[in-house]
Amino acid sequence: MILTNTETIPGQTIVDHYGLVQGSTIRAKNIGRDLMAGLKNLVGGELKGYTELLQESRDEALQRMVEQAEELGANAVVNLRFSTSSVAAGAAEILCYGTAVRVEATRPSL
Amino acid sequence: MIQLYFVLAFLFLGLSVGSLLERLHYRRIRRRELGFATQPVVTFGMFPADKTIVHAELALGSVVISVDYFKRFAASLKKLFGGEIHSYSSLLDRARREALLRLKESCADADLILNLRFETSTISNGNNSNIGSVEVLAFATAVWYQTCDQRPEVLAG
């Protein structure tokens, strides 16, 4: 599966469109990470626990989107977008969406 | 009374340790940025027509950064009068530069980074609506050019 956030893929021609595919996940932070983050909040700086948490959730959302695209018979997702929103206190939704397409390698014109 | 001591201690901690950590972080950011000075990053999605591209893939970089206690206190005071809140601008600046650096580190040998986008979101703390911490995600398409030793057959595969 090829993923890009551009409209086309170099060296490949889009032969079929399958429309929108999306994947999302809503995650809550856990108490252990929250406690450490609370301490870290005093001095500022990176909250590594949260960075990892959001990375994991993003991978999960991407995975769901890829599964949806595979079901449609696509082999690439172009024009990928991400969006994050907080649904409730301590919970965040990670959404990724794009256009599922089938691509074929372009023959180099010689 | 004891609460006042706690607040003063937290303020002092935020002011001293927080600003030290920020200076160290900025020093790290500047050093790493120098290493990527020659790698072009653009915000448009057009592929260069004069180059043969052999590979393109999604590149991500993200970070969650929080502001220290002193700056949060200073910002809440500043909110009474309005105007620019400088303590938050350094927070967002650090977060964006760090996210971009992580993106670049994930594809350090790419020839060009296309269609760079930033996505910023606040992590809500529940009890107060202050900006405690922000998450910045940078995403882009990294491309690799064909080098002289690669034959055109590689492209087709």
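Let me start with a cavity: by class, the lining of the second largest cavity has four nonpolar, six polar and four charged residues, where Ala, Val, Leu, Ile, Met, Phe, Trp, Tyr, Cys and Pro count as nonpolar, Asp, Glu, Lys and Arg as charged, and the others, Gly among them, as polar. What we are looking at is a predicted model, in which local features need pLDDT of at least 70 and side-chain atom pairs count only at pLDDT 80 or more, while totals for chains, interfaces and linings use all residues, and side-chain values rest on heavy atoms, with hydrogens and water left out. Residues are numbered from 1 along each chain as its sequence is written, and chains are lettered from A, and ligands numbered from 1, in the order in which they are written.

To stay with the cavities, the structure holds two of 30 Å³ or more, a cavity being a set of points, on a 1 Å grid over the protein atoms alone, where a 1.4 Å probe fits but cannot get out, with lining residues having an atom within 4 Å of a point. Grid points are joined across faces, edges and corners, and a volume is the space filled by probe spheres set on the points; on that basis the second largest cavity contains about 60 Å³. Its lining comprises 14 residues, and those nearest the centre are A:Gly44, B:Glu22, B:Ser66, B:Asp68 and B:Arg94. Helix 1 (2-35) and helix 3 of chain B each give at least two residues to this lining, with helix 3 of chain B providing the largest share, four residues. Helices (H or I, at least four residues) and strands (E, at least two) are DSSP runs, numbered from the N terminus.

Now to the helices of chain B. Helix 1 of chain B packs against helix 2 of chain B at about 110 degrees, with the axes 6 Å apart; axes are lines fitted to C-alpha atoms, for helices over the stretch in contact, and angles run from 0 to 180 degrees between N-to-C directions. That makes the two helices roughly perpendicular, given that angles under 35 degrees count as roughly parallel, over 145 as roughly antiparallel, 65 to 115 as roughly perpendicular and the rest as oblique. Here B:Val7, B:Phe10, B:Leu11, B:Gly14, B:Leu15 and B:Glu22 of helix 1 meet B:Tyr69, B:Phe70, B:Lys71 and B:Phe73 of helix 2, contact meaning heavy atoms within 4.5 Å. This contact divides into seven nonpolar, one polar and two charged residues.

Helix 2 (residues 69-81) of chain B also packs with helix 3 (residues 86-106) of chain B, at about 130 degrees and with axes 8 Å apart, which makes that pair oblique. B:Lys71, B:Arg72 and B:Ala75 in helix 2 of chain B meet B:Ser87, B:Tyr88 and B:Ser90 in helix 3 of chain B, a contact of two nonpolar, two polar and two charged residues.

Turning to the sheets, strands pair if DSSP finds at least two bridges between them. In chain A, four strands form an open sheet of mixed pairing in the order 1-4-5-2, and strand 1 (2-3) and strand 2 stand at the edges, each with a single partner strand, so one side of each is left without a neighbour in the sheet. Strand 2 (residues 12-28) and strand 5 (residues 91-105) of chain A run antiparallel and are joined by 15 bridges, with A:Gly23 partnered by A:Cys96. Strand 4 (residues 76-88) of chain A pairs with strand 5 of chain A in the antiparallel sense over ten bridges.

The other sheet takes strands from both chains: it is open and antiparallel, in the order 3(A)-1(B)-3(B)-2(B). Within it, strand 1 (residues 53-66) and strand 3 (residues 133-145) of chain B pair over 13 bridges, and B:Ile53 stands opposite B:Tyr145.

Definitions and conventions
On a 1 Å grid over the protein atoms alone, a cavity is a set of points where a 1.4 Å probe fits but cannot get out, and a pocket is an open set with protein on both sides within 12 Å along at least five of seven lines; lining residues have an atom within 4 Å of a point.
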